[in-house]
Amino acid sequence: RLFRLKLFRQPVQVQRQLRYLRQRVERLKVIHDNRVIVPLVLETWGVRQWLVQDWFPGLPLDVWRRTLTTPPGLDALLAMAADLAQALAAVHDGGSIHGGVKPHNILVQPDTLQVRLIDFITPLDIREISHFIYDPGFIANTLAYTSPEQTGRINHRVDFSSDLYSLGVVLYELLTGRLPFGSRDPLELI
């Protein structure tokens with residue numbers, strides 16, 4: 001059995017946040033769907049933390065798209081979309097919200113086009129940081145897939161529909177090759 005280790009870039013210093021992450025790992029263990037890779041355990045050594053997950057020989061969706069010389073047919077893309085929707089349904093049936101559905105958190109096995117939804121644990125809660133929307137990495141890789149309620153800029157609760165919004169953006173981009181909203185201004189995107 002092979003495993004993937006995900007090392008947190010910034011160590012989690014606050015014990016309350018570390019307890020929350022451990023509880024989240026335990027809650028995710030009720031999800032039993034082969035299209036979903038949940039963390040098995042959160043490990044700590046000194047001040048560093050990492051997640052242990054099952055290994056899947058795939059590429060992130062955004063990387064996979066860039067490596068294509070010939071795009072797959074519509075049937076293959078729709079099959080991938082259906083698998084992603086079923087994976088997300090399994091997550092929601094397990095009582096969890098992914099909160100980070102984006103191409104980088106979807107793995108594609110290039111030969112079979114099997115997909116896996118990954119990275120359910122983010123040690124950073126964007127609601128705790130008022131300036132996050134101006135971070136260039138966040139703007140380039142995450143904001144376009146983030147539902148408006150996840151930004152904290154509107155008074156609406158984050159729920160299952162937040163994941164569906166993000167999945168809709170991912171599927172739109174998968175099928176058309178572009179994002180549905182084109183702006184470099186973070187407030188305009190929100």
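**Helices, salt bridges and a surface patch**

Colleague: What covers the buried residues of helix 1?

Modeller: The cover includes strand 2 (39-45) and strand 3 (48-54). Contact here means heavy atoms within 4.5 Å. Helices (H or I, at least four residues) and strands (E, at least two) are DSSP runs, numbered from the N terminus.

Colleague: What kind of model is this, and how are residues numbered?

Modeller: It is a predicted model, in which local features need pLDDT of at least 70 and side-chain atom pairs count only at pLDDT 80 or more, while totals for chains, interfaces and linings use all residues. Residues are numbered from 1 along each chain as its sequence is written, and side-chain values use heavy atoms, with hydrogens and water left out.

Colleague: Back to helix 1: which residues are buried?

Modeller: Gln17, Leu18, Leu21, Arg24, Val25 and Leu28 are buried in helix 1. Seen down the helix axis, the buried residues fall within an arc of 120°, so they line one face of helix 1. The arc is that of the directions from the helix axis to the C-beta atoms. Buried means under 20% relative accessible area, exposed means over 50%, and partly exposed lies in between (1.4 Å probe, protein chains only).

Colleague: And what span should helix 1 have?

Modeller: Helix 1 (residues 15-28) has 14 residues, so at 1.5 Å a residue it should span 20 Å; its end C-alpha atoms are 20 Å apart, which agrees. The expected span is 1.5 Å times one less than the number of residues.

Colleague: How many residues has helix 3?

Modeller: Helix 3 has 20 residues and reaches 28 Å from its first C-alpha to its last, close to the 28 Å expected. Its buried residues include Leu77, Met80, Leu84 and Val91. Among the elements that cover the buried residues of helix 3 are helix 2 (61-67) and helix 5 (160-176), together with strand 5 (106-108) and strand 6 (115-117). Just after helix 3, Gly95 takes a positive phi of about 85°.

Colleague: New topic: how many salt bridges are there?

Modeller: A search of the whole structure finds seven. A salt bridge is a side-chain nitrogen of Lys or Arg within 4 Å of a carboxyl oxygen of Asp or Glu.

Colleague: Which residue does Arg1 meet?

Modeller: The side chain of Arg1 meets that of Asp54 at 2.8 Å, N to O. This pair links distant parts of the chain, 53 residues apart: Arg1 is in the segment before strand 1 (3-7), and Asp54 is in strand 3. Arg1 counts as exposed at 72% relative accessibility, and Asp54 counts as partly exposed at 27%.

Colleague: What about Asp83?

Modeller: Asp83 forms a salt bridge with Arg35 (3.8 Å, N to O). Asp83 belongs to helix 3 and Arg35 to the loop between helix 1 and strand 2, so the pair links distant parts of the chain, 48 residues apart. Asp83 is partly exposed, with a relative accessible area of 25%, whereas Arg35 is buried, at 19%.

Colleague: Which residues form the nonpolar patch on the surface?

Modeller: Leu74, Leu78 and Leu175 form it, with about 280 Å² of accessible area together. Such patches are made of residues with over 30% relative accessible area and no salt bridge: like charges are joined within 9 Å, and nonpolar side chains (Val, Leu, Ile, Met, Phe, Trp, Tyr) within 5 Å. Accessible areas come from the Shrake-Rupley method with a 1.4 Å probe; for residues, only the protein chains shown count as cover.

Colleague: Where does Leu78 lie?

Modeller: Leu78 lies in helix 3 (residues 74-93), and it is partly exposed, with a relative accessible area of 42%.
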